[in-house]
Amino acid sequence: MTSSVNSSFFRPTRIILSDNHKFIPLVLTILYGHISAVGLVCTVMFKRSFVSKDRAGKTVKVAKKKYDELVREKMKQKAESPSLGSPLTSPIITMIVGRDQRLFAAHEDVLSVSPFFSAALKEQFLEDGAKQLTLPDEEPEVLSCILEFLYKGDYFPRLLHGKQRNSWSLENAQDITQTGGRGSSEPTMFHPGVGDLILRDTAVYCAAEKYGLEELKRLALQKQGLQSGIPADVILRSARYAYDNTPESDSRLRAHYLALIIRSRKTFKSSGTLQMEMEEGGKLFFDLFVAMCNHMDDLSELRYDSISPSSSP
């Protein structure tokens, strides 16, 4: 089966340079228009990986779902059935969190699963021998998610697997007023450091990167992939936060945002938010430019394959 692509997609475009700071937004707008002209072919997203010297990053294979389920189930069983010498019998650590100095408490052995906390606990002592951690730059809502994950293998809203359809969903995803006594199921949170709303799963992912919790990073990314109907400004703000709080070597969350922006290109084209963000600049938009060029190369190859004589039956 072959697919046809309008030849106008490959028609050369004349670019008139104006102000330098407006050049990249202009180029990306043209790329957006070209990609939109392809129609159904655009459903073939990111066929090639990001890995190469001129690509934005690399796609990473998602861990098997069965493995993730087993890991979370094992952690839940440990939390629900403490035995002699278990993490729940270890000393209690007091934590002072955020600008408002909120108090949290957790077992030392539970916290020590994180390399960050394990190293910090070796240095933090009070006069009476008790241990205490101070986390002035952490957000209490994010730390609540971290602790819930360390104890139960997940954080609210939990990730639910529907066996009948073999699909994933979020607990109480249709009712953001339900909290389960642990927090909101709304996808966004107000982050004082940003001064506005960002996606909570992005904040959790970045915290997991800081604390060395790879399984939590995979979980947060999977949950974020289930979100929908997120406003364009929240997506861009969250993408900038992800770029500011993850190393270049960790491209999974960054690649997620690049793909999300390209998939939502029609929304972004009609929004002035993207243009304003582009004019401010940043590595996010260079990576977006590279990702879009790579995607157009993929579409060009797909078109070539579809009209090649060898593709005929």
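This is a predicted model: local features need pLDDT of at least 70, side-chain atom pairs count only at pLDDT 80 or more; totals for chains, interfaces and linings use all residues.
After the helix comes Gly 212, a residue with a positive phi, near 75°.

The packing of helix 6 against helix 5 was examined next. Two packed helices are described by the angle between their axes and the distance between the axes. For helix 5, which comprises residues 140–152, and helix 6, the axes come within 10 Å and cross at roughly 65°. Helix 5 is therefore roughly perpendicular to helix 6, and the crossing of the two is right-handed. On the side of helix 5, the residues that take part in the contact are Glu 141, Val 142, Cys 145 and Ile 146, and these meet Arg 200, Ala 203, Val 204, Ala 207, Ala 208 and Tyr 211 of helix 6. An α-helix has 3.6 residues a turn, so residues three or four places apart point the same way.

A hairpin is formed by strand 4 and strand 5, with 4 residues between them. Strand 4 runs over residues 159–162 and strand 5 over residues 167–170, and the two pair in the antiparallel sense over 4 bridges. Within this pairing, Leu 160 has Ser 169 in strand 5 as its bridge partner. In the turn of the hairpin, Asn 166 has a positive phi of about 55°.

Helix 9, which covers residues 252–263, has 12 residues and reaches 16 Å from its first C-alpha to its last, close to the 16 Å expected at 1.5 Å a residue. Because 11 of its 12 residues are buried, helix 9 is largely enclosed by the rest of the structure. Among the buried residues are Arg 252, Arg 254, His 256 and Tyr 257, together with Leu 258, Leu 260 and Ile 261. Ala 259 lies in helix 9 as well, and its relative accessible area is 9%, which is under the 20% cut-off, so that Ala 259 counts as buried. Although Ala 259 and His 295 are 36 residues apart in sequence, their C-alpha atoms are 9.8 Å apart in space.

Methods. Residues are numbered from 1 along each chain as its sequence is written. Side-chain values use heavy atoms; hydrogens and water are left out. Two strands pair if DSSP finds at least two bridges between them. Axes are lines fitted to C-alpha atoms, for helices over the stretch in contact, and angles run from 0 to 180 degrees between N-to-C directions. Angles under 35 degrees count as roughly parallel, over 145 as roughly antiparallel, 65 to 115 as roughly perpendicular and the rest as oblique. A crossing is left-handed if the near helix is turned anticlockwise from the far one by less than a right angle, and right-handed if clockwise. Contact means heavy atoms within 4.5 Å. The expected span of a helix is 1.5 Å times one less than its number of residues. Buried means under 20% relative accessible area, exposed over 50%, partly exposed in between (1.4 Å probe, protein chains only).
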